[in-house]
Amino acid sequence: MSLLDSEAVETYERSITAPPADNLVLEARNLDFFYGKKQTLFGVDLPVEKNKITALIGPSGCGKSTLLRTLNRIYELYPGQQATGRIILDGQDVLADKAGIARLRARDGDAVEVTPNKMDLATLRARVGMVFQKPTPFPMSIYDNIAFGVRLYKRIRGAEMDEIVERALRRAALWDEVKDKLKESGLGLSGGQQQRLCVARGLAIDPEVLLLDEPASALDPISTAKLEDTLNELVGNVTIVIVTHNLHQAARLAQHTGFMFLGRMIEFGPTEEFFSAPKLKRTRDYVTGRFG
Amino acid sequence: MHNPAIGGRAPLGEDIFRWLCLSAATLLLAILAGVVVSLAIGGWPAFAKFGLGFLTSSTWNPVSDIYGAAGPIVGTLVTSFLSLAIALPLAIGVAVFLTEFAPARIARPIAVAIELLAGIPSIVYGMWGLFVFAPWFAENVQQPLANSVTPGSLMDTLTQGIPNGANIFTASIILAIMILPYMAAVFRELLLTVPAQVREAGYGIGCTSFEVTARISIPYVRTGVLGVIMLGLGRALGETMAVTFIIGNAHGFPKSLFDSGSTIASTIANEFAEASSDMHSAALIALGLVLFFITFGVLALARLLLARSMR
Amino acid sequence: MTRMTARARRRSIINTIFVTACGLTAVIALGALALIGWSLLTKGIGGINGDLFTMSQPAPGSRGGLLNAITGSVILCLLAMVFAVVIGVLAGTWLSEYGGRTKLGHVVRFLNDVLLSAPSILIGLFVYELLVRNVVGHFSALAGSVALAILAVPIVTRTTEDILLLQPAALREAGMALGATRAFVVRKIVWRSAATGLLTAGLLGFARISGETAPLLFTSLGNQFFSVKLLQPIASLPTTIFQFALSAYDDWQRLAWAGALLIAASVLAINIAGRAIIHGKSS
């Protein structure tokens with residue numbers, strides 16, 4: 001049987017070792033995703049433990065970024081993309097709007113129990129933030145970059161806003177480098193600094209979960225190291241889900257790791273066990289570099 | 001933390017903004033529709049009175065209130081196609097020269113100069129045509145030709161006309177000079193999109209520059225070339241000021257290349273403000289409608305050809 | 001030493017002819033343009049003096065300048081650009097951010113191109129019917145601006161769409177990932193990011209319409225006196241040049257050349273400024 005035998009994936013073995021249910025802040029259950037008619041996620045489960053870092057790894061095209069982008073429904077910017085399943089954020093089902101419930105019932109039968117949820121997208125994105133692969137500073141000053149998100153939700157000015165901006169920049173380990181040039185444009189920073197600016201921007205609105213989509217792939221090794229240090233510092237305060245193609249990065253940062261392949265969550269569990277003693281052959285083949 | 005009405009999260013603001021943008025886009029459509037409708041309404045009396053004969057008759061007589069569009073239509077078509085025929089090889093030649101042969105140090109400034117010149121308003125060309133080119137042409141081309149050509153020959157028929165330099169041919173030349181910079185600039189940009197590897201592959205198997213250009217580069221950008229030709233033609237068809245000064249403004253059928261003529265645009269420009277009667281105005285507006293359809297037809301054809309050749 | 005076959009020799013000859021021909025076309029084209037530039041300079045420079053900018057158009061034989069025409073042109077073009085930028089940027093934004101991929105979007109884009117290439121004199125006729133025959137009742141600066149605006153809108157729309165489409169998708173996503181609405185993200189982030197390009201588009205649009213004559217012939221008409229009234233006819237450089245050039249008076253013709261030089265120079269200056277802005281941003 002070839003390693004990449006996709007028929008075998010249909011009847012794939014799975015192994016999900018989830019953290020204790022009480023500690024979960026976000027959970028995806030039996031999630032399907034469609035680009036138009038093409039299905040790209042198949043029954044994915046993802047349990048995310050509170051205040052820990054969860055990493056998603058897998059070869060190119062396995063669906064890890066797609067999965068990440070369902071968690072804050074950012075895919076809805078593009079028509080024709082749809083998710084069916086459950087995404088529970090603190091007890092509320094994020095996908096349970098009218099259309100989502102209809103799709104869920106169509107797939108799983110009418111008996112499925114789901115409470116309709118009126119959470120609007122903006123609120124969801126306030127609670128689940130995102131940092132993208134390419135640093136995307138807004139065309140404004142560093143200060144305004146951070147304040148932008150906060151101003152969406154609160155009417156604050158002056159000293160109070162200054163505090164929030166400083167706190168966010170400190171959490172992103174950027175304060176010392178930019179404290180004297182807050183009024184300068186965010187575009188003038190280096191790539192690594194820009195990315196930490198985006199992290200600070202995401203943190204400023206106090207999200208419950210921060211999603212990071214290959215945040216270091218556009219950075220040099222030194223900036224990457226600084227970013228990883230930043231993320232490590234955040235453990236215990238913020239829940240983080242990070243997609244990475246760098247296995248070592250996952251091993252360094254994450255407490256939990258999920259391995260995805262061809263749109264399916266193959267194995268999920270505590271990182272230590274994951275890399276030292278993976279439960280499935282396919283996982284073992286990937287982490288030892290036999291394919292990828 | 002989660003008040004939906006603050007800052008940029010008001011759903012109402014989103015709808016208003018989107019509606020504003022949509023309105024602006026549809027306003028464009030409304031304007032175009034308005035142009036066609038107003039031309040049709042204004043020109044209707046002329047079509048009603050003269051029928052389709054309006055398009056074929058070359059009588060244009062404000063005194064007796066009888067109008068026929070054939071003269072201006074023929075003038076428009078002849079000058080436009082002639083100017084295109086003159087400008088096209090020149091534009092391609094310049095573009096090829098700048099991309100293939102000229103060393104980078106002089107190619108860049110020349111290219112910039114040409115792009116800048118593409119913005120010079122047509123009235124400048126018109127004035128130059130009237131005051132400099134026409135007299136020169138009359139003295140150095142028309143008169144010698146008139147003196148040396150054999151009466152009754154083909155050459156004679158082609159070059160009949162008052163030797164004042166104000167005729168179809170000179171107007172076409174001015175028009176050609178006018179559309180030349182724009183076409184050259186775009187052709188150059190098109191040629192620059194041909195990947196270096198493709199051209200190098202041609203040279204690599206021993207092609208001459210001519211062969212690389214004619215057989216590789218130009219076919220590579222064939223669809224763009226077609227589009228530019230159409231755009232140039234469209235511009236020539238609608239051009240007013242460059243032509244009005246120098247075409248001679250006679251309404252009948254031009255009988256030779258060096259005969260005075262008129263285009264639709266020049267006729268409207270010259271006569272509309274002092275139209276002698278309602279029917280005169282209507283005839284002029286009807287001319288405008290004809291011009292619109294000619295231009296629209298050319299543009300639609302261009303789109304069609306481009307769409308088809310992209311498949 | 002290899003001997004060339006007859007075939008190779010023929011190819012070589014064709015090539016030489018081709019190269020020479022290309023060089024020749026460049027010489028002809030540039031020569032013609034240089035000739036025009038030279039005439040413009042020599043005939044126009046004589047008329048450039050203080051009077052040109054301080055006095056309004058004269059009766060034939062007396063002193064005067066083009067002040068009324070220059071002022072008129074500036075007013076007409078500025079007002080037109082205000083209309084054109086508002087409508088054009090919104091329409092271009094709709095095409096790039098909202099409906100560009102729908103059927104309606106394709107129709108709008110096509111018809112935008114049609115309007116872009118429509119003969120400007122027909123636009124003048126349309127505005128004549130709309131604003132001169134009706135609404136206002138007589139020739140007016142307003143009508144002239146509207147005509148110029150209609151000419152400029154398709155340019156601004158096209159350029160806006162192109163520039164906005166160049167902004168990275170991640171920028172929009174980053175804004176919306178924070179919870180902002182699309183409209184807010186477009187206004188506060190995307191437009192800001194594209195600001196330089198949009199400004200240049202406005203500049204270039206201004207340059208383009210500043211030389212247009214035909215649409216003004218039946219809308220703003222012209223005015224021998226200095227005027228800034230929007231509801232009255234107003235002079236403009238192109239129409240004044242047109243009138244003076246076709247007249248029989250020497251001094252009027254001199255003024256016409258001076259005016260032509262003025263227009264050509266300003267259009268060049270604006271285009272150069274536009275390029276400088278774009279290059280300044282990217283470096």
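Contact here means heavy atoms within 4.5 Å. Helices (H or I, at least four residues) and strands (E, at least two) are DSSP runs, numbered from the N terminus. What you have open is a predicted model, where local features need pLDDT of at least 70, side-chain atom pairs count only at pLDDT 80 or more, and totals for chains, interfaces and linings use all residues; side-chain values use heavy atoms, without hydrogens or water. Residues are numbered from 1 along each chain as its sequence is written, while chains are lettered from A and ligands numbered from 1 in the order in which they are written.

**Stop 1: a helix pair in chain B**

Select residues 196–204 and 209–220 of chain B, which are helices α8 and α9. Their axes come within 10 Å and cross at roughly 145° (axes are lines fitted to C-alpha atoms, for helices over the stretch in contact, and angles run from 0 to 180 degrees between N-to-C directions).

Buried means under 20% relative accessible area, exposed over 50%, and partly exposed in between (1.4 Å probe, protein chains only).

**Stop 2: the whole of chain B**

Zoom out to chain B, with its 13 helices and 2 strands. The C-alpha trace spans about 85 × 60 × 35 Å along its principal axes. Of its 311 residues, 51% count as buried.

**Stop 3: the sheet in chain A**

Now show chain A as a cartoon and find the open sheet of 4 strands, in the order β3-β2-β5-β6 with antiparallel pairing. Two strands pair if DSSP finds at least two bridges between them. Which strands are at the edges? They are β3 (38–49) and β6 (92–93), each pairing on one side only.

Next, select β2 (residues 24–35) of chain A, which pairs with β3(A) over 8 bridges. Ala28(A) stands opposite Leu46(A), and Tyr35(A) has Lys38(A) as its bridge partner. The hairpin of these two strands has 2 residues between them, and there Gly36(A) takes a positive phi near 65°. β2(A) also pairs with β5(A) over 8 bridges; look for Phe34(A) and its partner Gln82(A).

Helix α3 (residues 98–108) of chain A lies across β2 and β5, running at about 95° to β5(A).

**Stop 4: two positive phi values**

Centre on Asp90(A), in the loop between β5 and β6 of chain A. Asp90(A) is not a glycine, yet its phi is positive, at about 50°. Finish at Glu214(A), in the loop between β8 (209–213) and α9 (221–234) of chain A. Glu214(A) is another non-glycine with a positive phi, near 45°. Is Glu214(A) buried or exposed? Glu214(A) is buried, with a relative accessible area of 12%.
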